[in-house]
Amino acid sequence: MTWQRLCSLSELKEGGLAKLALDGVWIMVARAGDRIAAFPPHCPHMAEPLEESGVCDGETLTCTKHVWQWDLRTGEAIGLAEKPLALYPTECRGEDVWIDFDDELTYEHD
Ligand code: FES
């Protein structure tokens with residue numbers, strides 16, 4: 001496990017998505033209250049860039065391309081989604097967001 005500071009909590013808009021670089025790897029970050037979810041920047045379905053197709057509503061992330069959805073707390077698939085969302089472990093330490101980042105998470109696309 002390699003915990004690193006990812007960003008400040010104030011850099012993340014409530015209900016928004018941010019795309020951040022860490023060690024040359026792009027990571028999407030979503031904020032719902034004090035809960036932070038960090039995951040790869042493309043959809044598990046057909047690799048759609050989530051900065052374009054991703055929409056957060058509370059603790060649900062939707063890829064608007066084919067309406068796959070996930071629970072941002074667990075990465076679990078909801079409704080039509082057939083694959084989970086790969087999540088990096090995160091935690092808030094005061095005003096900072098930390099991430100457990102060793103290797104880039106990826107998906108196998110058909
Ligand atoms: S590419 Fe995201 S749901 Fe199909």
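Trainee: What makes β9 and β10 a hairpin, and which residue in the turn has a positive phi?

Mentor: β9 and β10 form a hairpin with two residues between them, and G94 in the turn has a positive phi of about 65 degrees. Strands here are DSSP runs of E, at least two residues long, while helices are H or I runs of at least four, and both are numbered from the N terminus. Bear in mind that this is a predicted model, where local features need pLDDT of at least 70 and side-chain atom pairs count only at pLDDT 80 or more, though totals for chains, interfaces and linings use all residues. Residues are numbered from 1 along each chain as its sequence is written.

Trainee: How do you know that β9 pairs with β10?

Mentor: Two strands pair if DSSP finds at least two bridges between them. Four bridges join β9 (residues 90-93) to β10, and the two run antiparallel. C92, for instance, has V97 as its bridge partner in β10.

Trainee: What else is joined to β10, and by how many bridges?

Mentor: Strand β1 (residues 3-8), by five bridges, again antiparallel. S8 stands opposite D96 there. β10 also has two faces: V97 and I99 on the covered one, with D96, W98 and D100 on the uncovered one.

Trainee: Why is E91 called exposed?

Mentor: Count the C-beta atoms, placed from the backbone, within 10 Å of its own: 20 or more others make a residue buried, 12 or fewer exposed, and anything in between partly exposed. E91 has 11 such neighbours, so it counts as exposed. E91 lies in strand β9, and its C-alpha is 7.2 Å from that of I36, 55 residues apart in sequence.

Trainee: What makes a set of residues a nonpolar core?

Mentor: You need buried Ala, Val, Leu, Ile, Met, Phe, Trp, Tyr or Cys residues joined through C-beta atoms within 7 Å. The largest such core has 23 residues, and M28, V29, A30 and A38 touch the most other members. β3 (25-32), β4 (35-39), β6 (60-63), β7 (68-71) and β10 (96-100) each supply at least two residues.

Trainee: Which residues does A38 touch?

Mentor: Contact means C-beta atoms, placed from the backbone, within 7 Å. Leaving out residues up to four places away in sequence, A38 touches L6, I27, V29, L87, Y88, T90 and I99.

Notes
Contact = placed C-beta atoms within 7 Å.
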